[in-house]
Amino acid sequence: MTTPQVEVYIHAEREGITDALAESLAAALNRMLPELLARPQGPDHVLSSLPVVEISIVDDETIAAVHAEFLNDPTPTDAITFPYGEILVSCDTARRYAAEHGLDAREELFRYMVHGLVHLHGYRDYEPQEREAMFAVQEPLVAKYRPA
């Protein structure tokens with residue numbers, strides 16, 4: 001079993017989305033990965049076979065275009081995960097959701113990244129029961145490893 005290296009890249013020019021933030025998020029995710037990998041794998045797991053996972057912070061326009069192209073839905077979404085180890089997360093969606101729910105936007109962005117990694121570990125969220133199992137893995141990891 002391999003523990004992949006997580007790399008975070010910025011593809012959205014937004015206030016507060018800085019190289020320091022990307023480094024902080026990547027460090028937290030890399031600390032979290034061994035604990036995620038120690039949990040039972042879902043049926044579609046690929047995470048332990050990947051050498052690197054690339055996470056790109058994008059804007060709503062970019063994620064909506066990818067959502068339309070690959071999932072036939074032209075609306076923005078929080079995260080899109082590809083099984084070859086690429087995750088896109090929308091900083092605009094994270095900010096909007098956090099503001100609406102009284103949450104910290106950086107933590108919400110981190111949540112989307114953890115969500116993508118949990119998908120790569122094989123968990124799905126199409127059905128309510130799957131979503132519940134996925135969040136039972138995801139949320140304790142977000143709480144424990146969220147960057148300061």
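Biologist: How do the axes of helix H4 and helix H5 cross, and within what distance do they come?
Modeller: The axes of helix H4 (residues 105-120) and helix H5 (residues 128-145) cross at roughly 135 degrees and come within 9 Å. That angle makes H4 oblique to H5; angles under 35 degrees count as roughly parallel, over 145 as roughly antiparallel, 65 to 115 as roughly perpendicular and the rest as oblique. This is a predicted model, in which local features need pLDDT of at least 70, side-chain atom pairs count only at pLDDT 80 or more, and totals for chains, interfaces and linings use all residues. Residues are numbered from 1 along each chain as its sequence is written, and side-chain values use heavy atoms, with hydrogens and water left out.

Biologist: What counts as a helix, and what is an axis?
Modeller: Helices (H or I, at least four residues) and strands (E, at least two) are DSSP runs, numbered from the N terminus. Axes are lines fitted to C-alpha atoms, for helices over the stretch in contact, and angles run from 0 to 180 degrees between N-to-C directions.

Biologist: Is the crossing of H4 and H5 left-handed or right-handed?
Modeller: The crossing of H4 and H5 is right-handed. A crossing is right-handed if the near helix is turned clockwise from the far one by less than a right angle, and left-handed if anticlockwise.

Biologist: Which residues make that contact of H4 with H5?
Modeller: From H4 the contact includes Glu107, Phe110, Arg111 and Val114, and from H5 it includes Met134, Phe135, Leu141 and Tyr145. Contact means heavy atoms within 4.5 Å. By class, the residues of the contact of H4 with H5 are nine nonpolar, three polar and three charged. Here Ala, Val, Leu, Ile, Met, Phe, Trp, Tyr, Cys and Pro count as nonpolar, Asp, Glu, Lys and Arg as charged, and the others, Gly among them, as polar.

Biologist: Phe110 is in that list. Is Phe110 buried or exposed?
Modeller: Phe110, which lies in helix H4, is buried, with a relative accessible area of 0%. Buried means under 20% relative accessible area, exposed over 50%, and partly exposed in between (1.4 Å probe, protein chains only).

Biologist: What does Phe110 touch?
Modeller: Not counting residues up to four places away in sequence, Phe110 touches Leu25, Ala28, Leu29, Leu141, Val142, Tyr145, Arg146 and Pro147.

Biologist: Now H1. At what angle do helix H1 and H5 pack?
Modeller: Helix H1 (residues 19-38) packs with H5 at an angle of about 140 degrees, and their axes are 10 Å apart. H1 and H5 are therefore oblique to each other, and their crossing is right-handed. Ala28, Arg31, Met32, Glu35 and Leu36 in H1 meet Val137, Leu141, Lys144 and Tyr145 in H5. The residues of this contact of H1 with H5 divide into six nonpolar, no polar and three charged.

Biologist: Which residues of helix H3 are buried?
Modeller: In helix H3 (residues 91-101), the buried residues are Cys91, Asp92, Thr93, Ala94 and Ala98. They pack against strand E2 (52-58), helix H2 (60-71), strand E4 (86-90) and H4.

Biologist: How do H3 and H4 cross?
Modeller: The axes of H3 and H4 come within 8 Å and cross at roughly 125 degrees. H3 and H4 are therefore oblique to each other, and H3 passes H4 in a right-handed crossing. Among the residues that make the contact are Ala94, Tyr97 and Ala98 of H3 and Glu108 and Leu109 of H4.

Biologist: Where is Glu108, and is it buried or exposed?
Modeller: Glu108 is found in helix H4 and is buried, with a relative accessible area of 4%. Glu108 touches Ala94, Tyr97, Ala98 and Leu103, not counting residues up to four places away in sequence.

Biologist: And where is Leu103?
Modeller: Leu103 is found in the loop between H3 and H4. Leu103 is partly exposed, with a relative accessible area of 40%.

Biologist: Last topic: what is the phi of Asn72?
Modeller: The phi of Asn72 is near 55 degrees, a positive value in a residue other than glycine. Most residues other than glycine have a negative phi. Asn72 lies in the loop between H2 and strand E3 (79-82) and counts as exposed, at 70% relative accessibility.
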